[in-house]
Amino acid sequence: MSSFLYFILPALGGYTLTSVYLLKNPLILHRRKRTAFYSTHISHRGGCGERIESTIEAFTHAVEQGTQMLELDCHLTRDGHVVVSHDENLLRQTGHDVTMSSLRLQDLPLYKDRLEVTFYAGRYSSGADRKFALLEDLFRKFPEMPVSIEIKENNTQLIEKVSDMVKRYNREEITIWATVNSSIMETCRTTNSSMPYSFTVNRGVLLLLLFYSGLLPFVPLGESILQFYLPQIINRTFIPKKRILRNKLIISLLEKVTMRKSLFKHLAARGIQVHLFVCNEDEDIKAAFEVGATGVMTDYPVLLSSYLCRNRSQD
């Protein structure tokens, strides 16, 4: 036993020291990722706290406030149009219990006059524009704006149409595949591997396992963006539907495990952007940047622009 410890303890100590050193100096083993965009200000659903979510009016307003990335979701209508919409079922957004895929584009209902902001309980947004937007109209209007597109269903036709549109508008370097599901991401990447992509849930869990085991500095990563909840918003501005997320102990543990500044600094050094969401108050924006986020996603573009302006002037 003593001879075993004689060999294993120095090896373990050497591994730990090497891992810590490479965590702080990742470019010794890895080439820094070079993306065509660097986004500090990201507008969630186009900034859905200040205009009706995912409308052209919302996206236009966010761009006018200086946003550096638009975040959105897409679904397919029955007649094959790629529409920007968070939900497939339109009840929450329109009051009509119908699905996007069951309707033709011309039959889509309008958004409600006032829409509750999902990540700011009790707050509502409104606007003059209540029409669902086409992804193609967004690409035409903002040809140079980075866009993160979340795909929520493993729909090959939808993914192929999004990919074809990205290629047609020459946006492969500034349009990001995003999804929580690894199977969907595999389809997205098989369809178009030239687009940058974000971590899925499974890949995010693996990232944490690699980090805590000390293996992360040795492992190559294909992703360009990590997008994750800022846990402190949960049960405050964001009230989750899942009961497990309403447990304060669970959220406290989630925060301690995931909000690791050394992890975020390591990713940033490797050129992987870290976006924390959805930050709708100054204290949350501040917390996100302090823990090492390179970018913040918000429903309130004016709020985030004001925060960034104030803090730049202080610096």
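**Predicted model: burial, loops and helix contacts**

Trainee: Is Pro109 buried or exposed?
Mentor: Go by relative accessible area: buried means under 20%, exposed over 50%, and partly exposed lies in between, with a 1.4 Å probe and protein chains only. Pro109 has 15% relative accessibility, so this residue counts as buried.

Trainee: What kind of model is this, and how are residues numbered?
Mentor: The model is predicted: local features need pLDDT of at least 70, side-chain atom pairs count only at pLDDT 80 or more, and totals for chains, interfaces and linings use all residues. Side-chain values use heavy atoms, with hydrogens and water left out, and residues are numbered along each chain, as its sequence is written, from 1.

Trainee: Which residues does Pro109 contact, beyond its neighbours within four places in sequence?
Mentor: Start with the place: Pro109 sits in the loop between helix 3 (91-94) and strand 4. Helices (H or I, at least four residues) and strands (E, at least two) are DSSP runs, numbered from the N terminus. Contact means heavy atoms within 4.5 Å. With those near neighbours set aside, the partners of Pro109 are Leu90, Thr94, His96, Leu103 and Phe132.

Trainee: How far apart are the C-alpha atoms of Pro109 and Leu90?
Mentor: Leu90 is among the contacts of Pro109. The two residues are 19 residues apart along the chain, and their C-alpha atoms are separated by 8.5 Å.

Trainee: Where is Phe119, and is this residue buried or exposed?
Mentor: Phe119 lies in the loop between strand 4 (114-116) and strand 5 (124-126). Its relative accessibility is 6%, so Phe119 counts as buried.

Trainee: Which residues does Phe119 touch, not counting those up to four places away in sequence?
Mentor: Leu90 lies 29 residues from Phe119 along the chain, with 18 Å between the C-alpha atoms. The residues that Phe119 touches are His44, Arg45, Tyr229, Ile233, Thr237, Phe238, Val278, Asn280 and Asp299.

Trainee: Which residue is joined to Val278 by a cis peptide bond?
Mentor: Val278 belongs to the loop between strand 10 (273-277) and helix 10 (282-290). Omega of the cis bond is about -15°. The residue joined to Val278 there is Phe277.

Trainee: What is the phi of Asn170?
Mentor: Asn170 is in the loop between helix 5 and strand 8 (175-178). At 70% relative accessibility, this residue counts as exposed. Asn170 is not a glycine, but its phi is positive, near 55°.

Trainee: What is the phi of Asn235?
Mentor: Asn235 is in the loop between strand 9 (225-229) and helix 8 (248-258). Its relative accessible area is 29%, so Asn235 is partly exposed. Asn235 is not a glycine either, and phi is again positive, about 70°.

Trainee: How are helix 5 and helix 6 set to each other?
Mentor: Helix 5 (residues 156-168) and helix 6 (residues 182-191) have axes that come within 10 Å and cross at roughly 40°. Axes are lines fitted to C-alpha atoms, for helices over the stretch in contact, and angles run from 0 to 180 degrees between N-to-C directions. Under 35 degrees counts as roughly parallel, over 145 as roughly antiparallel, 65 to 115 as roughly perpendicular and the rest as oblique. The two helices are therefore oblique.

Trainee: Which residues of helix 6 make the contact with helix 5?
Mentor: Helix 5 brings Thr156, Ile159, Glu160, Ser163 and Lys167. Helix 6 brings Ile184, Thr187, Cys188 and Thr191.

Trainee: Which residues of helix 9 meet helix 7?
Mentor: Helix 7 (residues 201-213) and helix 9 (residues 261-269) pack at about 105°, with axes 11 Å apart. That makes helix 7 roughly perpendicular to helix 9. Leu207, Leu208 and Phe211 in helix 7 meet Ser262, Leu263 and Leu267.

Trainee: Is Leu209 buried or exposed?
Mentor: Leu209 lies in helix 7. Its relative accessibility is 56%, so Leu209 counts as exposed.

Trainee: What is the radius of gyration of the chain?
Mentor: The chain has eleven helices and eleven strands. The radius is taken over C-alpha atoms, and the globule rule is 2.2 Å times the number of residues to the power 0.38. For 315 residues, a compact globule would be near 20 Å, which agrees with the chain's 21 Å.
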